[in-house]
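Please find below some notes on this entry, written for a colleague who will read them beside the coordinates.

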Amino acid sequence: MYLIRFFLCVVCVSISVLSIAQDQKEQPTLASRDKIETLLFKQAAIMFDLIDHTLKEYPPEIGQPIVRKHALYNLDALFHETRYDQSPELHQFMAKRIAVALADLSHPLEDGMKIYKLYNHGFVVRTPTVTVAFDLYTGKGLIADSLMQAIVDKCDILFVTHFHKDHADKQVAEMFIKATKPIWAPTNLWEDNAQVQHIRCDKLTEREIKIKNSLLKVTILPGNQGQVMNNIYEITTPEGFNVIHTGDQHSEKDMEWLSKIGRQIPAPDVLIVNCWTKNLSVFLNDFNPKLVITGHENELGHSIDHREPYWLSFQKLEQINKPYVLMTWGEYYKIP
Ligand SMILES: [Zn+2]
Ligand SMILES: [Zn+2]
């Protein structure tokens, strides 16, 4: 009897020891958890660096070579891991990307038009005579103040589509105001600021803006993002290039009038469109752009279910019968 009890005790102790060992194996210690974090951040740094090199070697072009696609899909994977959101690795990547845009903005442009994609839905459109900014956004410190200031220094005017904070950045607006450069915005944004040119009309409205010694023509369409007023801007540069920036246009009820206007106005050279808009078919079929550039992918202020990945934009663009260019932060494309 004693022998049996002793045997059972030995078995129980052995099982406990084994299961503790098993638990220890499954749950990393504090030290090993630190090691995992260090490894993952090191891996992210290496990936960001490789992606940056790849994008420099394979700049944007119409359609997408597999190498660029691979780089952008890898960015999706990194941008959908929230542990990197505030990391120095991500900030360094952004700084490198903005430096690419800035380096090019510092060279004179002799001909054609260049479109620069910055963060979120922020774009710069540049010809030899004018440099026009749309919805520039620092991403709450993701783009350093000094870098954003350097971008603003290169721009002549800022168009803001609507009041959402990932488009209407007060800090950016202050930089434009300080440099006495014009800002155009809808009537419900920065209402009390007399230095902002407010515009919102029920129908298509045309204006001319003097910039340096040239005239920039702008057409404002009364778009909406749900219930939020969202100005869609169409600009015609002094050289005759026309570009549409849709802001966050996203409205079922705007389909009909958008379709009508799209068929009336000249086909834009470039359509800059938010990648998740409900109105994509109208913009493609009725506005009939010569080139499509998507924006607003991977807005890191959103939860990951609303950080639209580049792969999803690719899937949408691959189904359209129009030339398209897909870019990430700091990249630019030249139209001859
Ligand atoms: Zn919005
Ligand atoms: Zn937005």
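1. The model is predicted, not experimental. The protein contains nine helices and 14 strands.

2. Overall dimensions. The radius of gyration is 25 Å, whereas a compact globule of 336 residues would have a value near 20 Å. Along the principal axes, the C-alpha trace extends over about 105 × 45 × 40 Å.

3. Burial and contact range. Of the 336 residues, 38% are buried.

4. One of the bridge pairs can be named: T236 is partnered by N242 in β10.

5. The sheet that contains β14. Here too the sheet is open, has seven strands and shows mixed pairing; the order is β6-β5-β4-β3-β2-β1-β14. The edge positions belong to β6 (196-198) and β14 (331-335), and each of these strands pairs on one side only. From one strand to the next the twist averages 20°. Strand β5 (residues 183-185) runs parallel to β6, and three bridges join the two. In this pair, I183 lies opposite V196 of β6.

6. Is I220 buried or exposed? The count of other C-beta atoms within 10 Å is 20, and the cut-off for a buried residue is 20 or more, so I220 is buried. The residue belongs to strand β8 (residues 214-225). Beyond its neighbours within four places in sequence, I220 contacts I199, C201, T205, N231 and Y233. L204 is 16 residues away from I220 along the chain, yet their C-alpha atoms are 5.8 Å apart.

7. Helices α4 and α5. What is the angle between helix α4 (residues 88-105) and helix α5 (residues 145-154)? The two pack at about 25°, and their axes are 10 Å apart. Angles under 35 degrees count as roughly parallel, and α4 and α5 are therefore roughly parallel to each other. Their crossing is left-handed. On the α4 side the contact is made by A95, I98, L102 and L105, and on the α5 side by L147, A150, I151 and K154.

8. Helices α3 and α9. The axes of helix α3 (residues 66-79) and helix α9 (residues 310-317) cross at roughly 135° and come within 8 Å. This angle makes α3 oblique to α9. The residues that meet are K69, L72, Y73, L75 and D76 from α3, and Y310, W311 and F314 from α9.

Terms used: Residues are numbered from 1 along each chain as its sequence is written. Chains are lettered from A and ligands numbered from 1 in the order in which they are written. This is a predicted model: local features need pLDDT of at least 70, side-chain atom pairs count only at pLDDT 80 or more; totals for chains, interfaces and linings use all residues. Two strands pair if DSSP finds at least two bridges between them. Helices (H or I, at least four residues) and strands (E, at least two) are DSSP runs, numbered from the N terminus. The radius of gyration is taken over C-alpha atoms; the globule rule is 2.2 Å times the number of residues to the power 0.38. A residue is buried if 20 or more other C-beta atoms lie within 10 Å of its own, exposed if 12 or fewer, and partly exposed in between; C-beta atoms are placed from the backbone. Axes are lines fitted to C-alpha atoms, for helices over the stretch in contact, and angles run from 0 to 180 degrees between N-to-C directions. Angles under 35 degrees count as roughly parallel, over 145 as roughly antiparallel, 65 to 115 as roughly perpendicular and the rest as oblique. A crossing is left-handed if the near helix is turned anticlockwise from the far one by less than a right angle, and right-handed if clockwise. Two residues are in contact if their C-beta atoms, placed from the backbone, lie within 7 Å.
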